[in-house]
Amino acid sequence: KDIIDGIKVTLSRLAEIQDPESELLLLRSCLGYPKFAFLLRSVNPTIIYRQLKAFDALIMHELERIVGCPLQDSIFWRLPLQDGGNGFPSAAESAPFAFVASIGNSWSLQKKLSSHAVRSGYQACLDLIRPVLPDGLFSSLRATDGSPLTASQRKLTTELHKSTKLLWLQSASVREKALLSARSQPYANSWLSMVPKVPMESRNFQLLLRFYSSIPLLKCPIRCGKCCNVLDIWGDHAFLCDDTTQTVYRHNALATPLCRFLRESGFAVSNEIPVPTRDANKRPGDVVIYRWDNEADLFVDLSVVFPLSATFRKLPPGSATKQMTACKLKKYKNERELAHILPLVVDSTGGWDKSTSQFFSRLSHFHAAARDGRSASSQSTLYNLMSYNLQTSNSKMLAARYAFFLPCTTEISLPAPFEF
C-alpha cells in the first residue's frame, strides 16, 4: 500500500510537465511499470492482487489524461512496443509470470532461505499461468525431482502476449488486425521511445495516439473540409485525402533528415535532381547521392504508402511497401539502364521495405565509420529520426482534418479507490 501511495504522489506531479509526449515517455520508462517490476518478482501476487489492480487503475487514469479521452483495456496499450502496442503491460496479468520466473531461477537459494509459503506461492502462480503456456514449455518448468527448471521472464511473458493476441484476434475487425500487424514491423514504433529535440504539438500527438490505438476520432462520418469526401471515424481519410498539402510536407520531412545523415556519413547529396530519362514527365530524384556505389550516383525516390487502405489491409504486413517498390521499379524500367535508382518506400505506420532496410544498414556502416562509432548505434539513430519525422507529419495530416471536430478538453475522473 505504501508503494502504491508513493507512486500515486509521483504521478500527481506528472501533469505539471504539460507535454503529453514527454509524460507518456516518462510513464512508460520510469514512473509506471518499472517502479513496480521488482515487487512483481519478489512477492506472491496472489497476496497483493488488489494492490496490483489498484496500480493498473492508476496507470490507466494517467493514460486517459495524457490521451485526452476514456480508454478501454485495449490490446494496443498492453502489448510491448515491438509487438505493436504502446508498452503498458497490466501488472495484475504479468505478476504470476514474473514471480514464477524469479522463484524458478533462484530455487536452490529459495530452499535454503525462504519459507515453504514462498515455494507454495510458486506452485499457485504456476497453476495460474498453466493455461497460457504451451505443453512443451510447461513441462520444461517441472523437473523430475520436483524442482523447477529455469525459464526467463521474457520467455514467459512472450507466451502471455501470444495468448492475449490470439484471444483478441477472434473478435477484432479486419482494420484492427491490419493496424496491429503493421505496427508490429521492425522499427515501426521507434517514435514512441525517442526523446525529440522539438516535440509534437500536444493536440497532434493525442490524435496520433488515438489513431494508432484504434480509438474513434469522430462519433459519426462527416464531410472532409479539404476534398469534400467522407471523413471516416477512425482517421484513415487523413492519409487518403485528395488534398496533397500535408503529403508534400511529409515527403520533405523524410528527405531532409536523410540528406543530413548522408552528409554526416561523408557523402555529397542534392535534392530534386532530374533522373536521366527520355521522358520529360518522369519525376526527379528526391535525393541524389553522388558516388554511392563504385563511383556511380544513386537517385533515391521517396514514397509513403498507407497499409490500412482497402487494397492492403487484408494482406500480410509489408505487402504495401513491397507492391509499391515493385511498382516504382516497373515505372523506372527504362531509366534504370541509364542510372542507379532506389525506391525508398515506407508505410505510414513506419514499416520499411526490405530493400530500404538494406540501404539503411549499409548507410549506417558508412556513418559509423565516419564518426568512429558503432554501426548498430548509427542504424538505430537513423530509424528513430526517420520514424519520428514520419509520425510528426502524420500527426499534422490528422490534425488538419480531425482536430476541429474534437473537444478542446476531456475531463477524466479518477476511479474509485481500492480498499486495502
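Predicted model: local features only at pLDDT ≥ 70, side-chain atom pairs only at ≥ 80, totals over all residues.
Visitor: What counts as a cavity, and how many of 30 Å³ or more does the structure hold?

Guide: On a 1 Å grid over the protein atoms alone, a cavity is a set of points where a 1.4 Å probe fits but cannot get out, and lining residues have an atom within 4 Å of a point. Grid points are joined across faces, edges and corners, and the volume is the space filled by probe spheres set on them. With the 30 Å³ limit, there are four cavities.

Visitor: Which residues line the largest cavity?

Guide: Look for R78, L79, P89, S90, E93, S94, L160, H161 and T164. Helices α6 (91-105) and α10 (153-169) each give at least two of the lining residues, and α10 has the largest share, with three. Helices (H or I, at least four residues) and strands (E, at least two) are DSSP runs, numbered from the N terminus. By class, you'll find three nonpolar, four polar and two charged residues. Nonpolar covers Ala, Val, Leu, Ile, Met, Phe, Trp, Tyr, Cys and Pro, charged covers Asp, Glu, Lys and Arg, and the others, Gly among them, are polar.

Visitor: And what lines the second largest cavity?

Guide: That cavity, of about 40 Å³, is lined by E21, L24, L25, W191, L192, M194 and F205. Helix α2 (residues 20-31) provides the largest share, three residues. The class count is six nonpolar, no polar and one charged.

Visitor: On to strands: in what sense do β4 and β5 pair?

Guide: First the general idea: in a regular strand the side chains alternate between the two faces of the sheet. Two strands pair if DSSP finds at least two bridges between them. In this model, β4 (residues 285-293) and β5 (residues 296-305) are antiparallel, with four bridges. V287 sits opposite V300 of β5, and V288 is opposite F299. The hairpin they make has two residues between the strands, and N294 there takes a positive phi near 55°.

Visitor: How many bridges join β5 to β6?

Guide: Eight, and these two strands run parallel. V304 faces V346 in β6, while V305 has D347 as its bridge partner.

Visitor: Why are β5 and β6 described as largely enclosed?

Guide: Eight of the ten residues of β5 are buried, so the rest of the structure largely encloses that strand. For β6 (residues 340-347), seven of the eight are buried, so it is largely enclosed too. Buried means under 20% relative accessible area, exposed means over 50%, and partly exposed is in between (1.4 Å probe, protein chains only).

Visitor: What about aromatic rings: how many pairs does the structure hold?

Guide: A pair of aromatic rings is described by the distance of the centres and the angle of the planes. The structure holds 17 aromatic pairs. In one of them, F211 and Y212 have ring centres 5.1 Å apart and planes at 70°, so that pair is edge-to-face. F239 and F306 also have centres 5.1 Å apart, but their planes are at 15°, so they are stacked. F239 is in the loop between β2 (230-231) and α13 (245-264), and F306 in the loop between β5 and α14 (319-331), so this pair ties together parts 67 residues apart in sequence. The rule: rings of Phe, Tyr and Trp (its six-membered ring) pair with centres within 6.5 Å, and planes under 30 degrees apart are stacked, over 60 edge-to-face, and the rest tilted.

Visitor: Are F239 and F306 buried or exposed?

Guide: Buried: F239 is at 11% relative accessible area and F306 at 7%. F211 is buried as well, at 1%, and Y212 at 2%. Elsewhere, Y187, F267, W292, W352, F359, F360, F366 and Y383 form one aromatic cluster.

Visitor: Last one: how many disulfides does a search of the whole structure find?

Guide: A disulfide is a covalent bond between the sulfur atoms of two cysteines. The cut-off is a pair of cysteine sulfurs within 2.5 Å, and the search finds zero. Take buried C241, at 10% relative accessible area: its closest cysteine sulfur, in C227, is 3.5 Å away, too far for a bond. C327, by contrast, is partly exposed at 49%.

Methods: Residues numbered from 1 in each chain as written. Heavy atoms only, no water. 1 Å grid on protein atoms, 1.4 Å probe; cavity = no way out; pocket = protein on both sides within 12 Å on 5 of 7 lines; lining within 4 Å.
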